[in-house]
Amino acid sequence: MPERVKKNIQCSIMLLLCIVLSGLDQLHAQTDSTNPVARSITADKLRMLVQTLSHDSMDGRLTGSEGAGKAAAFIHHYMEAVGLKPMEAFAGYYQLFSMEVNEKNVATYNVIGQLTGKVRPDSAIIFSAHFDHIGNNNYNGKKYRSRYSGRNSKIDQLFNGANDNASGVSAMLALADYYTHHAEPYYTLLFVAFSGEEQGLVGSEKLAAIMPTQHIVRLINLEMLGRPNKKGAFITYDRDNNDLQDILNKNLYNNSPAYGKRFFGLDTYSDQQLFMRSDNFPFARAGVKANTIMATSPQDQFYHHADDEWNTLNYEKMAEIVQAIALACQPIICPQ
Ligand SMILES: [Zn+2]
């Protein structure tokens with residue numbers, strides 16, 4: 001790539017970071033609702049986060065790539081800006097490890113920010129989402145034509161992964177922003193962006209392996225929230241991890257009856273084994289209550305497709321779901 005093009009890309013990504021960070025308070029002020037969760041978790045904020053994380057300069061966020069490194073840098077700066085601190089176990093916001101990607105050994109990292117609990121700082125609730133995706137056609141070997149990237153007649157080489165899983169990471173960051181300003185959590189909250197998910201849940205395995213899992217109260221993982229199917233948000237589960245739907249629905253109805261009593265559904269794609277296919281699973285296997293909240297069908301037309309672009313997401317619906325998660329989880333992080 002010519003140096004000038006590279007510089008332009010670097011400038012544009014810094015500009016996006018500045019816009020997102022400086023725009024936060026403005027967005028808070030612009031929304032005239034009296035409801036703090038609706039003021040904080042807006043469709044505009046989620047759109048800006050997804051646009052940044054699925055920008056072409058992130059190059060499809062393949063684990064170990066320069067593009068994934070840019071995404072990680074953005075996530076850690078955002079965490080820092082909203083007031084999360086690094087975990088004591090690590091020198092900064094990164095948990096470093098190496099793993100194999102396309103038969104090469106690469107260095108990579110999970111990005112982790114902490115909000116320390118007021119009463120039980122030794123016990124944690126984790127909100128997580130994987131930030132890696134599958135890279136570009138050099139990796140994938142397939143050629144797709146994009147209908148949405150604006151490069152009409154050209155082959156789209158990039159798998160930007162807007163829904164999978166820039167949407168989950170954006171939701172996790174929006175929750176971090178909301179809780180740092182609107183909650184005094186009883187337990188410590190950890191906000192985690194996992195790497196290496198697409199190679200088989202490697203990042204979540206690495207964190208589960210070093211955490212004192214008996215001190216993790218619960219993990220709530222976020223996946224593909226931007227293109228909700230007709231039923232909306234649903235929760236993956238297994239025999240030992242089947243209480244989250246009831247807890248969230250009760251909490252949400254108590255707080256905001258307008259959502260109804262069954263806003264959160266259950267995973268109905270039983271043949272897809274979704275519970276075992278995302279970053280909740282290594283924690284569930286270690287005995288932690290751990291589920292994934294999703295909203296998109298695993299058979300979605302853009303799943304692992306070059307057309308998984310930021311402008312195919314429904315940000316109004318996504319904001320409604322992330323607001324519901326924020327409200328429904330509030331009594332979990334601050335039990336009475
Ligand atoms: Zn995913």
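Trainee: For residues 25-32, how many contacts beyond four places in sequence does the model have?

Mentor: This is a predicted model, and pLDDT stays under 50 over residues 25-32. Beyond four places in sequence, the contacts of this stretch number eight.

Trainee: What is the average pLDDT of the chain?

Mentor: Of the residues, 85% score at least 70. Residues 1-9 have a pLDDT below 50, with two contacts beyond near neighbours in sequence. Over the chain, the average pLDDT is 89.

Trainee: Which strands are the edge strands of the open sheet?

Mentor: The sheet has eight strands with mixed pairing, in the order β1-β2-β6-β3-β7-β10-β8-β9. An edge strand pairs on one side only. The edge strands are therefore β1 (94-101) and β9 (265-266).

Trainee: Which residue in β7 does S128 stand opposite?

Mentor: Strand β3 (residues 120-130) pairs with strand β7 (residues 216-223) in the parallel sense, over five bridges. The residue of β7 opposite S128 is N221.

Trainee: At about what angle to β3 does helix α6 run?

Mentor: Helix α6 (residues 162-182) lies across β2 (104-115), β3, β6 (187-194) and β7. Its angle to β3 is about 150°.

Trainee: How is α3 oriented relative to α10, roughly parallel or roughly perpendicular?

Mentor: Helix α3 (residues 43-53) packs against helix α10 (residues 315-333) with axes 8 Å apart and an angle of about 105°. Angles of 65 to 115 degrees count as roughly perpendicular, so the orientation of α3 to α10 is roughly perpendicular.

Trainee: Which residues of α3 make the contact with α10?

Mentor: The contact residues divide into six nonpolar, no polar and two charged. From α10 come Y315, E316, M318, A319 and V322. From α3 come A43, L46 and R47.

Technical notes. Residues are numbered from 1 along each chain as its sequence is written. This is a predicted model: local features need pLDDT of at least 70, side-chain atom pairs count only at pLDDT 80 or more; totals for chains, interfaces and linings use all residues. Axes are lines fitted to C-alpha atoms, for helices over the stretch in contact, and angles run from 0 to 180 degrees between N-to-C directions. Helices (H or I, at least four residues) and strands (E, at least two) are DSSP runs, numbered from the N terminus. Angles under 35 degrees count as roughly parallel, over 145 as roughly antiparallel, 65 to 115 as roughly perpendicular and the rest as oblique. Two residues are in contact if their C-beta atoms, placed from the backbone, lie within 7 Å. Ala, Val, Leu, Ile, Met, Phe, Trp, Tyr, Cys and Pro count as nonpolar, Asp, Glu, Lys and Arg as charged, and the others, Gly among them, as polar. pLDDT is the predictor's confidence in each residue, from 0 to 100. Two strands pair if DSSP finds at least two bridges between them.
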